[in-house]
Amino acid sequence: MTPTSPIPNAQPPDDSKNVHLGKHHHIAAGMPAVIQTMRFTLGEMGLFRGVDQLLRLNQKSGFDCQSCAWPSPDGDRHAAEFCENGVKAVADEATTKRVTRELFEQYSVAELADQSDLWLGRRGRLTEPMVLRRGATHYTPITWDEAFALIAEELHRLSSPHEAAFYTSGRTSNEAAFIYQLFVRQFGTNNLPDCSNMCHESSGFALKESIGVGKGTVTLEDFDVADAIFIVGQNPGTNHPRMLTSLERAKRKGCRLVSINPLPETGNFRFKNPQDFKNPITAVSTLFGEGTSLSDLWLPVRLGGDMAVFKGMIKHMLDVEARHPGTVLDQSFIAEQTIKFDECKRRIEATSWEEITHKSGLTREQITAAADIAIHAKKVIVCWAMGLTQQTDAVATIQEVVNFLLLGGHIGRPGAGVCPVRGHSNVQGDRTMGVWERMDERFHQALDKEFKFTSPRQHGFDVVHTIKAMHDGRVKVFFAMGGNFLSATPDTELTAQALRQCRLTAHVSTKLNRAHLVTGEQALILPCLGRTEIDRQVGGEQMITVEDSMGIINPSRGNLTPASGHLRSEVSIVCNLALAVLGKSSTVDWEGLRGDYSRIRDHIERVIPGFEPFNERLVGGPFYLPNAARERRFETDSGKAVFTDHPLPDNDLPDGQFALMTMRSHDQFNTTIYGLDDRYRGIYNGRRVVFLNPEDVEELNLVQGQMVDLTGHFRGEERVAAHFMVVPYSIPRRCAAAYFPEANVLVPVDSVTPKSGTPISKFIPITIAPARDPEAGAARLRDDALAANSP
């Protein structure tokens, strides 16, 4: 075994020596997706186990997909109600591979950290609780009772409950999330950072202010009757593949699709539906044909230019309305159900086309072509994802999207509305359950009444403030309910230093990941059940629920024997933790809740409006939560939808700098790496690449395949991401793209979007230079990063 650094690597090791360019797939899904599905199914689960799981995936009597939050049909569902990346997620959890104590005996923490994220994940499922003692180099086994006692001891040592932070990932069920936030608030703090802080927080703030609800307003049925769908800052072919079926169906019914995105993502252009292979009539044409053409128009917007695009479309719509009154705007809707239209109109009129085209990187003709599609549509939907929410002015940009829709009255009627597409299966549900550092007073009062205590009102820490608080010693215990906090967060090296400042870090997980290897003085790995597994408690087999992107509550039941007899459910872990920490001082019957999850749902319906009667409604299967804006009831201060007024953001850069965006590869879900290929972009066997416009490559005197170093610039600070391979690509000039978590080291912890506090991962100012040492490997990566990124 090779010597390693005594300080475990926070960043993934360098894989650039093996990466190469290959065939660029121009059609999403199709036979390659079927082949990948079979490969992952057979390789991880085996034939019979795999087929059984896939036939239960996203079925009303089965389990909900662990990956994206795209909804399943309300009525009849396909026998194969899944996509390629959903299969990867299921295979990753239902794998027959196991991580036992022998792995931790063989490898020190530092040696494990030298391995790739792919290698770590492919070891298999965690099987028993493990502890890293103070000063130790290896994890060793610990009993559950000892683990809970250790956490309780460290929490009781704190001088204030606010010296602990409790993170939540989007895989946590509604039941677990509800009692988790209850435990944390009974402990005495609102320090509840969650993954939504890094994704759709901006959507929630923008929509709540504009239409009174921080969620989307459309259903799957709306896609069937829409006349135009705008897909903005989103790559559904990789991140939400089942969405392509809805887009294909809409397109075949005459809907027009507009893609607004810096890169020409394959899933936005052409799609072969794998469901068609089941039909002998369509199978041959699907196999040999070109698939369904999706986007009618693609706008390759410059990074940070989306608001300019929407202002330009609105400007054109106002111009056409002025020339032909009554043909574009829904005047009665604007007059009766909105406010501040005149302020918005004045701002648009004062914004010149020269400024709009410069900021967007598009021509006036491109923007007006998109606007004309909206003008001729009676029902318009706008979908978006991280491409908008992680921008410099994300909240304002999303509110400009709402302005665009309000002009035509495209909120609260069939075939129209806003559709923020969530990236993790229950990230929306966790927020509904109260996992937020600043819940409103109504929620606190209802929680207090139900459980007869007074919950803390002081706002807690979000993700960014948690990192800062750990770094300066204000947070000493960090507990994570799922996720890979280190790899999901910004400023990788600073976040690693922050975690190392803690007395204790603890992670509830199904698989080994890098967050387990960059630890506090002591660390715990607490293995939990997955969604595919039977959850058997004192009260019998249990069911959990999740909420998808469209506000539908879905039941979920696993049927596999747990990967180990030592695994506990998330609910069981929280209840036992509460018993160990709170003891007799708690007003909650934690043992009762642990034994019967229906009792948790009884509490949820009395605290959170819209669930009652929760357990009875689940008998009939999935159900919708109420959504006032969907019914044109706007729960804003005025009772009306609000037009907003924002100046265009500044997305100009000094000479020599580029704007970098981070993104996923196709073999990836959030921070989980399933493989090293991204066939839709022609990348194979590696991840350390940077996509650049060919003219920029030439101007920088670089060549395809050359190794470069990326240097981030923020308020006089520099951060280095070393050893990326140059890939000429169709992307706007002075823009660049790279995969996360490799590029997260460049995202400054203080670079956040106003109001939401979301880290800005879609506009990172960088410079690009030939690699200082083209042959350097992981050791130089670590040493350079530690030196360059130290505060």
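# Cavities, pockets, sheets and helix contacts

User: Which of the 16 residues lining the second largest cavity lie nearest its centre?
Analyst: A cavity is a set of points on a 1 Å grid over the protein atoms alone where a 1.4 Å probe fits but cannot get out, and lining residues have an atom within 4 Å of a point. The second largest cavity holds about 190 Å³ of space (the space filled by probe spheres set on the points, which are joined across faces, edges and corners). Of its 16 lining residues, those nearest the centre are Leu529, Gly530, Arg531, Asp535 and Ile544.

User: What sort of model is this, and which residues count?
Analyst: Residues are numbered from 1 along each chain as its sequence is written, and side-chain values use heavy atoms, with hydrogens and water left out. Local features need pLDDT of at least 70, side-chain atom pairs count only at pLDDT 80 or more, and totals for chains, interfaces and linings use all residues, since the model is predicted.

User: How many charged residues are in the lining of the second largest cavity?
Analyst: Asp, Glu, Lys and Arg count as charged; Ala, Val, Leu, Ile, Met, Phe, Trp, Tyr, Cys and Pro as nonpolar; the others, Gly among them, as polar. That lining has four nonpolar and six polar residues, and its charged residues number six.

User: Which element gives the largest share of the lining of the largest pocket?
Analyst: A pocket is an open set of points with protein on both sides within 12 Å along at least five of seven lines. The largest pocket holds about 1100 Å³, and its 35 lining residues include Lys208, Val213, Gly214, Lys215 and Asp440, which lie nearest its centre. Elements giving two or more residues to this lining are α9 (201-211), α21 (427-432) and α22 (441-451) (helices are DSSP runs of H or I with at least four residues, strands runs of E with at least two, numbered from the N terminus). The largest share, five residues, comes from α9.

User: How many nonpolar residues are in the lining of the second largest pocket?
Analyst: The second largest pocket has about 840 Å³ of space. It is lined by 42 residues, with Ala80, Phe82, Cys83, Pro274 and Gln275 closest to its centre. Helix α1 gives the most, six residues. Ten lining residues are polar and ten charged, while the nonpolar ones number 22.

User: Which strands stand at the edges of the six-strand sheet?
Analyst: The open sheet runs β6-β5-β18-β17-β16-β7 with mixed pairing (two strands pair if DSSP finds at least two bridges between them). One side of each edge strand is left without a neighbour in the sheet, because each has a single partner strand; these are β6 (140-141) and β7 (164-168).

User: What is the bridge partner of Met130 in β6?
Analyst: β5 (residues 130-132) pairs with β6 in the antiparallel sense over two bridges. In β6, Met130 is bridged to Pro141.

User: What is the bridge partner of Ile553 in β23?
Analyst: An open antiparallel sheet has the order β21-β22-β23. Strand β22 (residues 552-556) pairs with β23 over two bridges. In β23, the partner of Ile553 is Phe623.

User: At roughly what angle do the axes of α14 and α17 cross?
Analyst: Ala308, Val309, Lys311, Gly312, Lys315, His316 and Asp319 in α14 meet Trp353, Ile356, Lys359 and Ser360 in α17 (contact means heavy atoms within 4.5 Å). Axes are lines fitted to C-alpha atoms, for helices over the stretch in contact, with angles from 0 to 180 degrees between N-to-C directions. The two axes come within 8 Å and cross at roughly 145°.
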